[in-house]
Amino acid sequence: MPETLENVRKFAADVAQCMKCGFCSYYCPVYREEKDEKALARGKNQLIRFLLKGEQELTEGFYGAIDNCLLCKTCVQYCPAKTRIDHAVIAARGDYAAERGLPLSKSLVFRHVLSRRWLFGWALRVASWFQFLLPRGEGKFRHLPQFLTALGAGRAVPEIAPKFLRDSLPERNPAVGERRYRVGLFSGCATEYMFPEVGRRIVDILTGLGCEVVFSRAQACCGAPVFFSGDLETGRNLARQNLEAFEGCDYIVTGCATCGSGLADYPVYLSESPEEKARFEAFAARVRDFNAFVIDVLAAEPGRFQLEPRFRGKTVTWHDPCHLTRHQGVAAQPRKILNALEGLRFVEMPDADRCCGLGGSYSITHHDTSKKIADHKVAGFEASGADAVVTACPGCIIQLRDALSRHGNGAEVVHIGELFRVKRSALDGPGDGPAPTADP
Ligand code: SF4
Ligand code: SF4
């Protein structure tokens, strides 16, 4: 076994589990579009086995195969042997990055921009001055012009917010009534810079349910796009920053499914010593998705929720983000909230847990396949008859909005936190709830 494969060696047992049955071929969204064995968990496993036996080099072709994966875990869900291709793929990307380096664009963004919050914010602020050059789509979305083919020409991208979350939300947000928990809000980059209203709504709901919410300015990117791509070193630095930022919080709550799974994965991929693994595990044990926190930890009575007036009489459906349902096991909780909202009709769409095809930078590096995968979501949404899609991942919102827009469907895609607020007294009738934090 080559000495350099320090990451993938840790998951050799996972790779060995594959019994080559091919069940994953029925479910893998990439394989279903491309019909290429290397796109399949079975094919990737085989390549990684060859690598571990010294029969495969860390070539560009090898990287191409392991890079062609959404990390959606659909194969893991249906695999009779529970083969963890996600573990093996991330670790193999880590070994490739350590030996050969990542593509220059990823390396520059991860090491020099994402790891410096101030620089990232500054770069987006500068970009926001020029976004008026992009043609405007519906709502707060614009379309990338054709010359930006490498980034997915024509795709809908959200506008950069005129005021970032940190410019419009205090660091400390007191609980309404008696304090039950001290909660750290992990905003994630998309919420911080593109969807700050989602962050403010989540804070309103959590404070309304008796939580003091701390929005630490010291928090960094969760690191998921970084270490899922193989840059484990930068991912480790980001993880260490986040551990410090959330010291003293009972829970760390996020409204971003990808951030939640990234934070929970710190002990799996990033620890350099048993002591650090224990610290990462203790941190991960405090991380909760917003829906799971509201239902499981706060045990909020559905009668305490009040539908936002603009959704009254609407029919909505739910999209399960892969990073929520398969990575964190959260599926029932958002449905419980949606079913409880008086004045709203909730319907399931076919294949609600089918991947939307975003996969972080996958939607840029594999744009055609990503679009084809998203087209199935549009078909599912249209079959549901709903007026809007609700979900809990800013990345999925971006992808679904783009897919619907390509199909000429102007339906809204919203975060579940935008749908309701907490009644602050038994006298609150429909539409009489407290004013939410104003959008600046
Ligand atoms: S990854 Fe699982 S489902 Fe796919 S071939 Fe291997 S054992 Fe079968
Ligand atoms: S994680 Fe998703 S994209 Fe990757 S091999 Fe499994 S099913 Fe296919």
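Visitor: How do you know how far the predictor trusts the protein chain?

Guide: The pLDDT is the predictor's confidence in each residue, on a scale from 0 to 100. The protein chain has a mean pLDDT of 88, and 87% of its residues reach 70 or more.

Visitor: Which stretches have a pLDDT under 50?

Guide: Residues 142–151 stay under 50, and the model gives this stretch 26 contacts beyond four places in sequence. Residues 429–440 are also below 50, with 17 contacts beyond near neighbours in sequence. Where pLDDT is low, predicted coordinates should not be read in detail.

Visitor: Let's turn to the sheets. What makes S4 and S5 a pair of strands?

Guide: Pairing needs at least two bridges between the strands. Strand S4 (residues 181–186) and strand S5 (residues 211–214) are joined by four, and they run parallel. Tyr181, for instance, stands opposite Cys211 in S5. So S4 and S5 meet the criterion and count as paired.

Visitor: And how do you know that S4 pairs with S6?

Guide: Four bridges connect S4 with strand S6 (residues 251–254), again with the strands running parallel. Val183 faces Tyr251 in S6, and Leu185 faces Val253 in S6.

Visitor: Why are H16 and H18 called roughly perpendicular?

Guide: The axes of H16 and helix H18 (residues 332–340) cross at roughly 75° and come within 8 Å. Angles of 65 to 115 degrees count as roughly perpendicular, and therefore H16 and H18 get that description. On the H16 side, the contact is made by Asn291, Ala292, Val294, Ile295 and Asp296, and on the H18 side by Gln333, Pro334, Lys336 and Ile337. By class, that contact has five nonpolar, two polar and two charged residues.

Visitor: How do you know that S9 and S10 pair?

Guide: Strand S9 (residues 315–318) and S10 share two bridges in the parallel sense. In S10, Phe346 is the bridge partner of Val316. At least two bridges are required, so S9 and S10 qualify as a pair. They belong to an open sheet of four strands in the order S10-S9-S11-S12, with parallel pairing.

Visitor: What makes S10 and S12 edge strands?

Guide: Strand S10 (345–346) and strand S12 (412–415) each pair on one side only. Helix H21 (residues 394–406) packs on this sheet, touching strand S11 (388–391) and S12, and its direction makes about 175° with that of S12.

Visitor: Why does the pair H20 and H21 count as roughly perpendicular?

Guide: The axes of helix H20 (residues 367–384) and H21 cross at roughly 75° and come within 9 Å. The range for roughly perpendicular is 65 to 115 degrees, and therefore H20 and H21 are described that way. Ala374, Asp375, Lys377 and Val378 in H20 meet Gln399, Leu400, Ala403 and Leu404 in H21. This contact divides into five nonpolar, one polar and two charged residues.

Visitor: Finally, the ligands. What surrounds ligand 1?

Guide: Ligand 1 is surrounded by 14 residues, the closest being Cys18, Cys21, Cys24, Arg42 and Cys79. Helix H3 (residues 41–52) gives the most to this shell, with three residues. The shell divides into nine nonpolar, three polar and two charged residues.

Visitor: Which residues come nearest to ligand 2?

Guide: Of the 13 around ligand 2, they are Cys28, Cys69, Cys72, Thr74 and Cys75. Helix H2 (29–34), helix H5 (74–78) and helix H6 (85–100) each give two or more residues to the shell. By class, the shell around ligand 2 has ten nonpolar, one polar and two charged residues.

Key:
Residues numbered from 1 in each chain as written. Chains lettered and ligands numbered in written order. Predicted model: local features only at pLDDT ≥ 70, side-chain atom pairs only at ≥ 80, totals over all residues. Near = placed C-beta within 6 Å. Nonpolar A, V, L, I, M, F, W, Y, C, P; charged D, E, K, R; others polar. Contact = placed C-beta atoms within 7 Å. Axes fitted to C-alpha atoms, helices over the stretch in contact; angles between N-to-C directions. Parallel < 35°, antiparallel > 145°, perpendicular 65-115°, else oblique.
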